[in-house]
Amino acid sequence: MVSTELGYDQLLSIAFSVPMPYEWSVGVYGSLFFHEIMNHNRFLGVRCPDCNKVYMPPRRLCGPCFKELDELVVLPNEGTIEAFSIVNYPFVDPNTGEQRPIPYTYGYIRIDGADTIFSHIINETDTRLIQVGMKVKAVFREKELMQGNVQDIKHFEIVNP
Amino acid sequence: MDHIAIVGVAQTGYEAKIRNKTNYDLVYEVTKGVLDDAGLSLADIDNIVTVSNDFMDGRTISSMAVGEAAGGHDKNISTVEGDGTFGAFYGAMRVLGGFNTTLVVAHSKGSEGSLKHITNAMFDPVYHRLIGIEAISASAIQANSYMDRFGLSEESFAMVSVKNHQNGFNNPYAHMPLNLTVEDVMKSARIADPLKLLDCSPVSDGAAAIIIANEEYSRRAKTRPVWIKGIAHCVEEYFLGDRDLAVAKSLRQASRKAYEMAGISRPVDSIDVVELYDAFSYMEPLWLEGLGFCEEGRGPGMLKDGITLMSGKLPVNPSGGVLSSHALLVAGLARIIEATLQLRGEAGSRQIPEAKTALAHGINGPCGQSHCVWVLSSEQ
């Protein structure tokens, strides 16, 4: 006979904590976008010839027009805060595997001349000092440390608060 | 069943690593391609089925990232996570359910993830995953079960690899056409006994799309419609140990249903060309048995007798099959596309003369846990 008695603390679980590796293609426009940051500390967008919308970062298609896009436009490294949130819970940075210092501010930023909104970190965590509509400017990594990814932008900082 | 047809097809070339294109790019290119092929505009498409797998893409709800590229802005999009034949099956059901047209698009880039990790994750995390089983080792067990049951030789499987890689030369989309001998296959690296390197399909990047239309829209398309006469799928148990791996039970059931729907009683006499999912060489004869083209254990004999050669009575995988190009999820849709091209008479140097009825087949899950069978015809 086998006993079916089992204490609650004897119930087992299986731990699995090994990350799966990936290597994602960035694509042609994505590569151009990051090279523009690495070479000139500025952004690229792309304009739809049908609806005139400027997408930033640039992408191959305008979804509503189903139109292939090829008119790249250079954009400045400045924009406006459209929305933000100061985040207070711990988050493991997927790039480093380490916990990101908290609090940090997640920003929803419209780069001047773009119609879509870019997301990044804003280096202001005091709710009294940040508000929607403020101008922000990108702060880039030192050129020799740039790797061609979104962390080549360290964060955005508020301009002339 | 109402008359529904495949009215457009498109596929990318299959390659080991398409570095300059993202999944979004691949999906856009075949979406544009399939509309051009059909001579329809996006306005003619009233619903879209995307096919993707989150572990493959490394992205939660992977379908969300390609909806726009699939022309899905403001349209009804839904997703099938599985082989493209199953996505197409769902797309056909949507047309039968009242939509005029469904665009089905599948993508995958095997180069971006780790297939051994990803296919290991198919298995039960408590009993199977930690011992390391994945697609290749599970298939090796199936190959051995099949050989042992029926007294088959590794050479008979190697012959399939020789045939299909050779056929691949006739397919401009193929990833790996190869000029091989049985000896080459037998001497290639032993990956997992009895499977050698050249018994295994390559892992490819690629995408494919089809448009399925009702009778009215099939007349609007510029292509010669290829009619869907019978479709069915069936699934077996999840645990490998619950299954008899030497017999494709669910394929037997799925194919019988599809034949019944299509009014076919003797498939070997009624079907002119077959495109099936040969992820490993042994799968082709095993699936031929499941499809009822011969008795159990007689699959390898069909190639020995020359029946499945390009010049035979029942050519199998004139495209080079999955052994020549294997973009996961996409490969089944590619089988439907190849069957469609055959029935349109547009298969170029891989064309089987006067093909009127074709069978396309896809699998999902380890060792063909589920099978999807399509019977297609050039005649309404």
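Which residues have the most contacts inside the largest nonpolar core? They are Ile210(B) and Trp374(B), in a core of 140 residues. The model is predicted: local features need pLDDT of at least 70 and side-chain atom pairs count only at pLDDT 80 or more, while totals for chains, interfaces and linings use all residues. Residues are numbered from 1 along each chain as its sequence is written, and chains are lettered from A and ligands numbered from 1 in the order in which they are written.

**Nonpolar cores**
- A nonpolar core is a set of buried Ala, Val, Leu, Ile, Met, Phe, Trp, Tyr and Cys residues joined through C-beta atoms within 7 Å; buried denotes 20 or more other C-beta atoms within 10 Å of a residue's own, with C-beta atoms placed from the backbone.
- Beyond its neighbours within four places in sequence, Trp374(B) is in contact (C-beta atoms, placed from the backbone, within 7 Å) with residues including Thr85(B), Ile228(B), Ile336(B) and Leu359(B).

**Chain B overall**
- Chain B has 14 helices and 11 strands, which are DSSP runs (H or I, at least four residues; E, at least two) numbered from the N terminus.
- Of its 380 residues, 58% count as buried.
- The C-alpha trace of chain B spans about 55 × 45 × 35 Å along its principal axes.

**Contact between chains**
- Chain A contributes 15 residues to the contact and chain B contributes 19 residues.

Note on methods
Two residues are in contact if their C-beta atoms, placed from the backbone, lie within 7 Å. A residue is buried if 20 or more other C-beta atoms lie within 10 Å of its own, exposed if 12 or fewer, and partly exposed in between; C-beta atoms are placed from the backbone.
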